[in-house]
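The entries are kept in the order in which I looked things up.

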Amino acid sequence: MKNTSIAIALLACTTFAHGADIEMRIEIPALDVAEYHRPYVAAWLETDEGQFVANLSIWYDQKLRNNEGERWLKDMRQWWRKSGRTTQVPVEGITGATRPVGTHTLTYSTQASPFSELSPGQYQLRVEAAREVGGREMVTVPFPWPHTGTVRFTQSGDSELGTVQLIITP
Amino acid sequence: MKTPLLRLSGLITLALSFTLPLNANAHRAWILPAATVLSSENAWVTVDAAISNDIFHTDYHAMDLSGIKVFNPKGEEVAMQNPSKGRYRSVFDVELTDNGTYKIASASQGAFAIWEENGERKRWRGALQDLGQAVPKKAKKVQLTETHRRLETFVTNGAPTTEVLAITQKGLELAPHTHPNDLFATETARFQLLIDGKPAAGAEVEVIPGGMRYRDAQNAIHTTADKEGYIHITWPQAGMYWLSASYEDNKAKTRHANRRASYTATFEVLPL
């Protein structure tokens with residue numbers, strides 16, 4: 001039984017190495033608060049001049065009745081301005097449920113959109129989090145594109161976000 | 001018994017609505033939405049309307065809601081919901097059934113005349129279209145004035161739209177080159193002031209952040225519209241702002257009359 005799971009893990013690793021050579025890691029910090037709700041989180045790509053490029057991942061409460069959860073999308077106010085207000089949610093492959101405390105790894109491929117469509121230049125990964133009865137924070141991770149060899153770009157938040165990492169292994 | 005009293009209170013309201021915005025030192029009229037950027041399918045926003053010295057601090061006079069209209073993103077008038085008038089403020093809700101920008105506005109025109117007749121000083125106040133016939137031919141030292149006032153604010157559900165921002169070419173208006181629901185602290189907004197549809201060069205503008213009660217100074221930003229009627233406002237910090245513009249010249253439609261116009265708006269500025 002144990003062996004099987006290792007084998008599956010190895011297989012997953014192999015698949016990963018071929019299909020997904022970009023990792024985005026977002027840490028949701030544990031907070032000592034009386035009333036805790038999972039944050040809404042938006043991750044997207046911009047040029048270094050702030051021009052919106054593409055959404056990577058949007059986490060919000062999709063389970064509430066009558067799409068009530070959409071009501072707080074605007075609280076990720078920079079994302080709302082850059083993309084949210086002109087984006088019809090849900091978006092397949094982009095939007096998803098809110099996530100618990102911990103580090104969440106999402107994988108992308110240099111061979112697939114949006115990364116395959118990036119022209120050479122300076123970009124930034126933006127990650128914005130907003131929490132009900134809590135705060136709001138945005139972390140910016142600048143990175144040049146494209147890359148040869150493995151590189152890791154890391155920035156940290158102070159309150160609503162922990163470490164945000166972009167790891168490129170082309 | 002009831003009728004004269006009602007008529008009197010109506011007259012006071014009328015007088016108030018004419019004098020208040022034209023006198024920069026007097027009480028200020030304002031319409032304050034609780035929020036201007038919304039993201040739900042069935043969005044509602046609650047709105048206060050009042051007249052007071054401190055911007056957005058309700059301690060003086062509720063605004064009469066009969067003059068306030070709500071326009072949907074297509075520019076069609078829609079009904080306000082749950083209107084009520086308290087002692088110090090009036091309140092109503094706007095249901096944003098459509099996506100886009102809504103306008104909440106109150107606009108009115110009027111006129112007054114002052115002249116001398118047989119050595120006696122005379123006054124007249126009435127409708128704009130009656131100004132030409134208001135003063136007898138033998139009157140001396142005639143002063144005719146057309147007055148326009150406009151009070152407005154904007155609320156957007158989803159992406160901002162511009163249809164409802166179309167100007168009416170009546171009185172002093174704001175043509176927003178920066179969308180009024182896309183304002184952020186430290187950024188500079190560019191607006192154009194128009195008088196009867198033409199650039200209101202030289203219009204005097206005052207911008208005051210809300211929350212005056214909690215600081216020592218008004219912190220007003222003063223600016224003047226340039227030749228093309230443009231003004232640039234750099235928002236020092238996030239919050240609700242009250243903008244008031246006034247304009248006066250002698251190019252009224254009525255011959256030999258002055259025109260005097262005011263434009264007042266509430267803008268929400270979000271943090272970056």
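This is a predicted model: local features need pLDDT of at least 70, side-chain atom pairs count only at pLDDT 80 or more; totals for chains, interfaces and linings use all residues.

Entry 1. I then asked where in the chain the two partners sit, and found A:R131 in the loop between β6 (121-130) and β7 (136-145) of chain A, and A:E160 in the loop between β8 (151-156) and β9 (163-168) of chain A, so that the pair links distant parts of the chain, 29 residues apart.

Entry 2. I stayed with A:E160, which lies in the loop between β8 and β9 of chain A. Its relative accessible area is 5%, and because the limit for buried is under 20%, A:E160 counts as buried. The side chains of A:E160 and A:R131 are also joined by a polar contact of 2.7 Å. Leaving out residues up to four places away in sequence, I listed what A:E160 touches: A:P29, A:L31, A:A129, A:R131, A:G134, A:G135, A:R136 and A:E137.

Entry 3. One residue of that list, A:R136, has a salt bridge of its own, made with A:E128, and here the closest N and O atoms are 2.7 Å apart. Are the two partners buried or exposed? A:R136 is partly exposed, with a relative accessible area of 23%, whereas A:E128 is buried at 0% relative accessibility.

Entry 4. For chain B I looked up the salt bridge between B:R150 and B:E152, in which the closest N and O atoms are 3.3 Å apart. I recorded B:R150 as buried, and B:E152 as buried too. How many salt bridges are there over all chains? The count comes to 19.

Entry 5. I next turned to the charged residues that join the chains, and found that A:R81, A:R85, B:D182 and B:E187 are linked in a network of salt bridges. Within this group, A:R81 forms a salt bridge with B:E187, the closest N and O atoms being 2.7 Å apart. Between chain B and chain A the count is 3 salt bridges. By class, the side of chain B that touches chain A has 7 nonpolar, 4 polar and 3 charged residues. Across this interface I also noted 9 residue pairs in polar contact, both residues being at pLDDT 80 or more.

Entry 6. What area is buried between chain B and chain A? I wrote down about 1200 Å², with 48% of it given by carbon and sulfur atoms. In chain B, the residues that lose the most area to chain A are B:S39, B:E41 and B:L272, which together make up 38% of what that side buries. In terms of contacts, 14 residues of chain B meet 14 residues of chain A.

Entry 7. Of its 272 residues, 49% count as buried. Among the contacts in chain B with a separation of 6 or more, 65% are between residues 24 or more positions apart. The accessible surface of chain B comes to about 13600 Å², and 50% of that surface belongs to carbon and sulfur atoms.

Technical notes:
Residues are numbered from 1 along each chain as its sequence is written. Chains are lettered from A and ligands numbered from 1 in the order in which they are written. Side-chain values use heavy atoms; hydrogens and water are left out. A salt bridge is a side-chain nitrogen of Lys or Arg within 4 Å of a carboxyl oxygen of Asp or Glu. Buried means under 20% relative accessible area, exposed over 50%, partly exposed in between (1.4 Å probe, protein chains only). Helices (H or I, at least four residues) and strands (E, at least two) are DSSP runs, numbered from the N terminus. Contact means heavy atoms within 4.5 Å. Buried area is the accessible area (1.4 Å probe) that two parts lose on being put together, summed over both. A polar contact is a pair of N or O atoms within 3.5 Å; within protein, one must be able to donate a hydrogen and the other to accept it, and residues adjacent in sequence count only if both atoms are side-chain atoms. Ala, Val, Leu, Ile, Met, Phe, Trp, Tyr, Cys and Pro count as nonpolar, Asp, Glu, Lys and Arg as charged, and the others, Gly among them, as polar. Accessible areas come from the Shrake-Rupley method with a 1.4 Å probe; for residues, only the protein chains shown count as cover.
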